[in-house]
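Here are a few friendly notes to read alongside the model. Take them one at a time, with the structure open beside you.

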Amino acid sequence: MNIEQFLADPSFEGWARQSNAKDFAQWESWRAEHPENIEQMDEARALIVGLEFRHTIESKTDKQAEWDALSQRLNLSKRPAKTRTMNRRVWWSVAASLALIVTASWWFWPKGHAQEIKWLTATTAYGELQPVRLPDGTLVTLNANSSLRYPESWNAGSSRQVELTGEAFFEVTHKTDDAPFIVKAQSMEVHVLGTSFNVLARHTSPVVSLVEGKVRLNHIKSSSPVMLSPGETASFNEINGQFNIIKGKTNERTSWRDRRWVFDHTSLAEILQRIEDEFGLKIQEIDQQLLSRKVSGQVSTKQKGTLFMALEALLDVDITEENGQLRVED
Amino acid sequence: MLKSSANIKKHWETLCQEGKPEALQALFDHFHDDLYAYTTRLLNSSSLAKDAIQNTFADLWQYRNRLAQETVVKAYLFRATRNHAIKLLRKNRPTVNLEDIAQQLHFEPEELYLEEASLLQKQKITAILNTLSPRQREILYLKFYDNLDYQEIAQVLEINYQSVVNHAHKAIQRLRNNKELRFF
């Protein structure tokens with residue numbers, strides 16, 4: 001008999017571990033009759049019994065703290081989750097302007113008042129993209145006509161919260177203390193652990209596309225949060241109170257960062273909405289049939305002129321821009 | 001031992017069927033320390049280990065309705081945590097070679113529970129164990145520290161049973177070749 005055959009026989013373990021008297025007696029007599037198998041038998045026993053190692057205290061960590069962190073992340077605790085009622089301390093009182101506000105003055109703000117967290121707002125104009133580096137190192141690429149509110153600093157270990165209107169791509173820095181990163185966009189919350197993702201929060205319910213890592217979404221009208229995996233895009237359906245999750249197509253959602261739009265059976269209606277949102281052009285009345293025309297491919301958005309030319313070619317339409325108005329004709 | 005594994009099965013079923021947080025917590029309590037010790041040594045990073053365990057249990061909670069009821073819970077959790085750990089490691093170091101995983105995995109002489117052996121003998125045994133290939137070390141680690149059988153180890157490492165036994169066999173022969181250290 002070879003090693004594998006010994007291991008495959010359940011009664012052999014009874015002999016090896018001396019845990020079953022009948023098995024032990026049987027294999028002992030077999031062993032006496034087959035001395036040529038003794039070495040193999042002992043090897044097989046060594047494989048089964050092995051050695052026993054036990055971890056010392058040093059290799060342990062605070063299990064309770066780990067459970068607390070997990071139950072908070074999953075909203076399992078019975079206490080109201082802290083993240084739901086955001087501590088609104090002193091809000092940045094200046095209304096969002098069209099220019100990116102990162103003034104030098106906040107650097108010199110007195111640091112003495114521990115309770116007062118200063119909030120900053122970064123805003124982009126039409127057609128403008130802006131990278132914003134947050135105090136924790138997280139990089140946010142703000143799309144055109146969007147704004148992001150964030151505090152000038154975060155306390156170690158406390159959750160990092162920001163508020164978004166418009167669209168942005170987040171590359172979140174993972175903190176060693178596991179401080180969660182939370183994006184509030186309209187009625188939705190995105191909870192993050194070291195990851196990159198896109199949030200679009202303009203008209204309808206926000207749309208979140210995850211590129212890598214893991215995020216959890218909460219909506220004030222949803223009974224339970226939902227987890228997103230890379231490559232998935234989620235939005236909240238206000239009517240049935242559920243999250244819609246679709247796989248793939250995250251590339252379409254994030255290509256704006258390279259000043260490219262990627263279309264996959266995208267309707268002209270969606271494209272024109274985007275032009276209105278990101279270039280601030282009003283769309284003149286248009287043939288309804290034309291609006292449902294679909295297009296696939298990609299176009300550069302670096303210059304309005306080339307974008308319109310590409311759309312003309314893709315959709316077989318005429319596009320003219322006049323005094324902030326856009327006319328689209330068959 | 002039997003009583004505890006029956007309890008684990010019960011908690012697992014409660015989690016699948018009723019989705020109770022208490023069941024998740026019971027599993028977390030039972031397995032956390034072993035999973036933490038394993039992944040910490042596997043990747044030489046306690047923060048990656050903590051994240052990997054958190055992600056594993058977050059998945060359990062998220063997919064509690066879809067979990068298979070007949071599962072070897074222990075092997076499942078070790079595999080899931082290992083996979084999460086590797087994913088996190090690759091994110092931090094995209095160029096990491098899969099063969100480098102478990103490079104840091106090691107055995108401590110003080111942790112060898114063998115009454116008849118002296119500390120010097122324990123040091124010799126662990127010295128041999130620590131010169132095995134990463135794969136052999138990982139297999140024996142799961143066997144010696146966490147008491148998984150070879151079928152379960154095959155599940156954890158996602159390799160076939162035969163290759164687990166072959167690796168373990170070679171490693172055991174190395175140990176047994178040293179006559180002075182024949183403790184099994």
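1. Contact here means heavy atoms within 4.5 Å. Helices (H or I, at least four residues) and strands (E, at least two) are DSSP runs, numbered from the N terminus. This is a predicted model, in which local features need pLDDT of at least 70 and side-chain atom pairs count only at pLDDT 80 or more, while totals for chains, interfaces and linings use all residues. Residues are numbered from 1 along each chain as its sequence is written.

2. Start where the two chains meet: A:Glu66, A:Ala69, A:Leu70 and A:Arg73 of α5(A) touch B:Lys50, B:Gln54, B:Asn55, B:Phe57 and B:Ala58 of α3(B). By class, this contact has 4 nonpolar, 2 polar and 3 charged residues.

3. How do the axes of these two helices cross? Helix α5 (residues 63-73) of chain A and helix α3 (residues 46-62) of chain B have axes that come within 10 Å and cross at roughly 45°. α5(A) and α3(B) are therefore oblique to each other (angles under 35 degrees count as roughly parallel, over 145 as roughly antiparallel, 65 to 115 as roughly perpendicular and the rest as oblique).

4. Now look at chain A's hairpin. Strand β2 (residues 130-133) and strand β3 (residues 139-142) run antiparallel, joined by 4 bridges. One pair of bridge partners is A:Arg133 and A:Leu139. Between the strands lie 5 residues, and A:Gly137 takes a positive phi near 95°.

5. Chain B, for its part, has 8 helices and 0 strands. Of its 184 residues, 52% count as buried (under 20% relative accessible area, with a 1.4 Å probe and protein chains only).

Notes:
Chains lettered and ligands numbered in written order. Heavy atoms only, no water. Axes fitted to C-alpha atoms, helices over the stretch in contact; angles between N-to-C directions. Nonpolar A, V, L, I, M, F, W, Y, C, P; charged D, E, K, R; others polar. Pairing = 2+ DSSP bridges. Buried < 20%, exposed > 50% of the residue type's maximum accessible area, 1.4 Å probe, protein only.
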